[in-house]
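Reader: Please take me through the helix packing here. I want each label set against its cut-off.
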Amino acid sequence: NFDGESSVPKEEFKAWLDDNRRVFENPKCIEATVTLNAQRSTRGEGAKEAKGDGKMQPIDLTGRDINTPEVLAEVLANSHGQVDTESLTNFTMALGAPKEEATRVAELEFERNFDGESS
């Protein structure tokens, strides 16, 4: 799946969210999105290259409807515009799932939905 990469372009992830709207019915969804957005600068490449260019900035959510596929996909995407299993795991944990379960769910969803070869 994705040539061994467990990440997917945020547009593709957004399309998946469009089909899985139950995510947005979770009362913790908005809070989780806001929390993960605030943590963007501490994630991934951003954390390693904390000085300057590689650092991801939180997205300005002012006046935006947070509980939407567009915003969630943007928040979960890395600086390359990719959503990976790690960010989906973090989001699932923010919704209240234990780490092991969140990891399993994220990997399963990627396997099931974003396996380029099987479609």
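Author: What covers the buried residues of H6 includes H1, helix H2 (22-25), helix H3 (29-38), H5, strand E2 (82-84) and helix H7 (99-113). Helices (H or I, at least four residues) and strands (E, at least two) are DSSP runs, numbered from the N terminus. This is a predicted model: local features need pLDDT of at least 70, side-chain atom pairs count only at pLDDT 80 or more, and totals for chains, interfaces and linings use all residues. Residues are numbered from 1 along each chain as its sequence is written, and side-chain values use heavy atoms, without hydrogens and water.

Reader: Which residues of helix H6 (residues 85-94) are called buried?
Author: Thr-85, Ser-87, Leu-88, Thr-89, Phe-91 and Thr-92. Buried means under 20% relative accessible area, exposed over 50%, partly exposed in between (1.4 Å probe, protein chains only).

Reader: Why are H1 and H5 called oblique?
Author: Their angle is about 140 degrees, with the axes 9 Å apart. Axes are lines fitted to C-alpha atoms, for helices over the stretch in contact, and angles run from 0 to 180 degrees between N-to-C directions. Under 35 degrees is roughly parallel, over 145 roughly antiparallel, 65 to 115 roughly perpendicular, and the rest oblique. Therefore H1 and H5 are oblique to each other.

Reader: What does Phe-91 touch?
Author: Leaving out residues up to four places away in sequence, Phe-91 touches Val-23, Cys-29, Ala-32, Thr-33, Leu-36, Leu-72 and Leu-76. Contact means heavy atoms within 4.5 Å.

Reader: Which residue follows H6 with a positive phi?
Author: Gly-96, with phi near 115 degrees.
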